[in-house]
Amino acid sequence: MKKWMVLLVSAALFFGLTPPAFCNDETPKGGVKSFYGDTTYKLYGRASTHVWRLEEEGEVISSEHDDGDTYFTMGAGTKVGAFIERGNLVGRFEYGAKKESELEEVADIRIAYGGWKSGGHQIWFGKYYTPTAFYYSRQVYGVIKFTGSRDVFITTDLDMCGFGGLYSREPLIQYQFNTPGHELRLALIEPNTGTILNGGNFVETDVDLPKFEFRYTSSSKHHQVKFGGGYQTFKAVTAEDKEYTVNSWVLALGGYYKIAGLQLGAMVSGGKNINTFGQFWYPYSFASYDAGDDEIKDNTGIAYTFNARYTINDR
């Protein structure tokens with residue numbers, strides 16, 4: 001079966017000027033600033049529509065019929081949000097679009113947190129990118145075709161996740177410390193306990209400790225270096241009340257260097273039971289139950305990316 005795809009249209013609208021001082025590298029470049037008393041509001045947003053033509057030749061669903069379809073999809077970066085700052089109190093919300101069905105897009109809470117800041121110290125409560133969200137690349141087109149289905153599910157930006165990138169947005173408690181050129185993040189997150197392969201007659205999981213993640217960033221006008229990771233542990237319990245401890249961890253190192261309009265970047269990540277940890281882009285790095293040895297078997301993984309970016313001009 002042969003297939004080809006062409007991008008017909010990709011259009012986007014942006015609004016914004018300058019991000020607030022307490023933002024970080026995951027902050028969108030933009031924001032319309034307004035004041036109401038002693039409260040500062042900074043709004044930002046983006047909307048895009050991608051139009052794709054997908055042609056498949058040959059046997060599709062046990063048929064010789066050639067299949068051709070045109071898809072209109074919202075760009076994965078479509079979102080609207082705001083920063084709110086009042087004295088030492090900070091907050092942020094961000095809504096995106098999530099595909100609920102073939103016919104319906106629904107609002108999705110991407111980010112929602114409130115917190116406190118003083119000097120270089122901040123603490124946040126809510127949903128945000130976790131410290132192990134590492135990505136330096138964009139991806140124009142990604143497609144997943146489910147077996148036995150003529151229709152495809154198209155996602156237009158995976159940030160190269162599955163090919164070296166790490167990505168996660170979760171409810172958390174996060175502490176952040178900033179000095180010029182340096183940033184440290186520490187976060188507590190609910191462990192992911194849903195991915196153990198090969199059965200094992202597990203009926204429940206017991207969690208005593210939260211997942212812990214950290215990240216350190218060093219940056220300047222010409223460079224950025226990030227180092228981070230995380231660890232989680234929980235117990236899988238059988239119907240006979242037998243417990244098996246499942247441990248997972250991940251480490252990542254990434255960065256880039258800019259010279260003139262050229263930016264060169266790279267990252268490497270790896271760990272144990274990385275998918276069980278919650279990084280679902282490692283599809284084979286699960287903890288699994290071995291019935292022969294009656295124990296949990298660990299799986300390690302490693303991935304890396306290299307990327308280059310060239311800015312023609314500031315526009």
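F306 lies in strand β21 (residues 300-310); strands (E, at least two residues) are DSSP runs, numbered from the N terminus. The model is predicted: local features need pLDDT of at least 70 and side-chain atom pairs count only at pLDDT 80 or more, while totals for chains, interfaces and linings use all residues. Residues are numbered from 1 along each chain as its sequence is written, and side-chain values use heavy atoms, with hydrogens and water left out.

The average pLDDT (the predictor's confidence in each residue, from 0 to 100) is 80, and 76% of the residues score at least 70. Over residues 14-25 pLDDT stays under 50, and the model has 37 contacts for this stretch beyond four places in sequence; contact means heavy atoms within 4.5 Å.

Strand β3 (residues 39-57) runs antiparallel to strand β5 (residues 79-86), to which eight bridges join it. Strands pair if DSSP finds at least two bridges between them. Y44 stands opposite G81 in β5. Eight bridges also join β3 to strand β4 (residues 67-74), again antiparallel, and G68 in β4 is the bridge partner of E55.

Rings of Phe, Tyr and Trp (its six-membered ring) pair if their centres lie within 6.5 Å, with planes under 30 degrees apart counted as stacked, over 60 as edge-to-face and the rest as tilted. By this rule the count comes to 15 aromatic pairs. Y128 and Y129 form an edge-to-face pair, 5.5 Å centre to centre with 85° between the planes. Both Y128 and Y129 are buried (under 20% relative accessible area; exposed is over 50% and partly exposed in between, with a 1.4 Å probe and protein chains only). The rings of Y304 and F306 have centres 5.9 Å apart and planes at 65°, so this pair is edge-to-face. Y304 counts as exposed at 54% relative accessibility, and F306 counts as exposed at 67%.

Note on methods:
Helices (H or I, at least four residues) and strands (E, at least two) are DSSP runs, numbered from the N terminus.
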